[in-house]
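Visitor: I would like to go through this model and hear the grounds for the labels put on it. Please set each value against its cut-off.

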Amino acid sequence: MNSHLINIGTYLPDGRINNLERLEEFGVDEDFIVKKTGVVSVSRKAEDETAVSMCLKAWEQLLAKEPTAAEGIDALIVVSQNPDSNIPHTSAILHGRLELPKNCLTFDISLGCSGFVAALATMDGLITSGTIKRGLIFTCDPYSVVVDEHDKGTALLFGDGAAVALVGDQGSFRIGSFDFGTIGKNGHYLKTVDGCLEMRGNAIFNFAATSVPKSIQTVLDASALSVEDIDLFALHQGSRYIVETIAKRMKLPIEKAPFVAAEYGNVVSSSIPFILEPYIDNHDVDNVVICGFGVGLSWTTSLLTRVK
């Protein structure tokens, strides 16, 4: 039995902080914002918005496209490192709000930038083993709750957002092989200290620039495909410079590895669903490589192939 990505719903809060208005504060110029980080503005949730409420907004968008999305759900996974609470787990709260059946597995995954693809691997295992038939993956990691707005290394990059992916035993894209890894000894390059995010940007960049191309090539080799066979490389939107560096190292046409987060920033585990959502019904795109990388330090890569 194969697993498939069926559809995606997304949500961005209305709040924005314009990075071009903070050039003097951070001692940077417009080129640094536009050409290096690529993030012109970062999205910010309202004070009364929570991880759960943002997930429910993404769910509303998914329902508008897939009115039967709640039917037959056997599992619900939430990916977040900044949940509203640890007890009860966020997936259980959403299970109750969505009024899903009792016979439904729910659990949270505490993982950041590689979290969506890792959750997809988890759901793939449940479906291909015959344990479940349909599941939901919610991603919501409001880093604004841990970002110091006066820290140039993080305040100019991270945005808030949420997404939900419907996965099942049949659907739009067949989920292929996975490659994943962790370099835990370097996990301190991206960490929270006293509730505040700290990041060694150069170290994260070097990690991504070396690990991601190898991981992508591993998945391509396992799938007997070449770079030329891939229509879209949905890479985690760490920054424009990271995405473009990976594309150059793999000799990808830049249009195949787009940076799309200029108006909202790095939304962590939701970044790949945000890239994928417009392509669900775009039948010009058949083969898609997805790769999440970052906190851990970790990465997870997979291949999506359109069902004809």
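This is a predicted model: local features need pLDDT of at least 70, side-chain atom pairs count only at pLDDT 80 or more; totals for chains, interfaces and linings use all residues.

Visitor: Let us start with Tyr-143 and Phe-158. Why is this aromatic pair called tilted?

Guide: The ring centres of Tyr-143 and Phe-158 are 4.9 Å apart, and rings pair if their centres lie within 6.5 Å. The planes of the two rings stand at 35 degrees. Planes under 30 degrees apart would be stacked and planes over 60 edge-to-face, so the rest are tilted. The angle of 35 degrees falls in that remaining range, so this pair is tilted.

Visitor: What does the pair tie together?

Guide: Tyr-143 is in the loop between strand E6 (134-140) and H6, whereas Phe-158 is in the loop between H6 and strand E7 (162-168). The two parts are 15 residues apart in sequence, so the pair ties them together.

Visitor: How do you know whether Tyr-143 and Phe-158 are buried or exposed?

Guide: Buried means under 20% relative accessible area. Tyr-143 has 3% and therefore counts as buried. Phe-158 has 2%, so Phe-158 counts as buried as well.

Visitor: What makes the pair of Tyr-264 and Phe-274 tilted?

Guide: The ring centres of Tyr-264 and Phe-274 lie 5.3 Å apart, with the planes at 55 degrees, so the pair is tilted. The edge-to-face label needs an angle over 60 degrees. This pair links distant parts of the chain, with Tyr-264 in the loop between H8 and helix H9 (271-276) and Phe-274 in helix H9, 10 residues apart. Both Tyr-264 and Phe-274 are buried. By the pairing rule the count for the model is 5 aromatic pairs.

Visitor: How do you know that Lys-36 sits over the ring of Tyr-241?

Guide: The charged end of Lys-36 is 5.8 Å from the centre of the Tyr-241 ring. The distance limit is 6 Å, and the charge must also be within 35 degrees of the ring normal.

Visitor: Why are E9 and E10 called paired strands?

Guide: Strand E9 (residues 190-193) and strand E10 (residues 196-199) share 4 bridges in the antiparallel sense. At least two bridges are needed, so E9 and E10 pair.

Visitor: What makes E2 and E3 a pair?

Guide: Strand E2 (residues 15-18) and E3 have 4 antiparallel bridges, and the rule asks for at least two, so they pair. Val-42 in E3 is the bridge partner of Ile-17. In strand E3 (residues 41-44), Ser-41 and Ser-43 point one way and Val-42 and Arg-44 the other way, and all are buried.

Visitor: Which backbone values belong to Glu-99 and Val-268?

Guide: Glu-99 has a positive phi of about 55 degrees although it is not a glycine. Val-268 has a positive phi near 60 degrees, and it too is a residue other than glycine. Glu-99 is in the loop between H4 and strand E5 (105-109), and Val-268 is in the loop between H8 and H9.

Visitor: What lines the largest pocket?

Guide: Its lining has 24 residues, with Leu-157, Met-199, Gly-201, Ser-239 and Ile-242 nearest the centre. The lining divides into 12 nonpolar, 10 polar and 2 charged residues. H7 gives the largest share, 5 residues. The pocket volume is about 480 Å³.

Conventions. Residues are numbered from 1 along each chain as its sequence is written. Side-chain values use heavy atoms; hydrogens and water are left out. On a 1 Å grid over the protein atoms alone, a cavity is a set of points where a 1.4 Å probe fits but cannot get out, and a pocket is an open set with protein on both sides within 12 Å along at least five of seven lines; lining residues have an atom within 4 Å of a point. Grid points are joined across faces, edges and corners, and a volume is the space filled by probe spheres set on the points. Ala, Val, Leu, Ile, Met, Phe, Trp, Tyr, Cys and Pro count as nonpolar, Asp, Glu, Lys and Arg as charged, and the others, Gly among them, as polar. Rings of Phe, Tyr and Trp (its six-membered ring) pair if their centres lie within 6.5 Å; planes under 30 degrees apart count as stacked, over 60 as edge-to-face and the rest as tilted. Buried means under 20% relative accessible area, exposed over 50%, partly exposed in between (1.4 Å probe, protein chains only).
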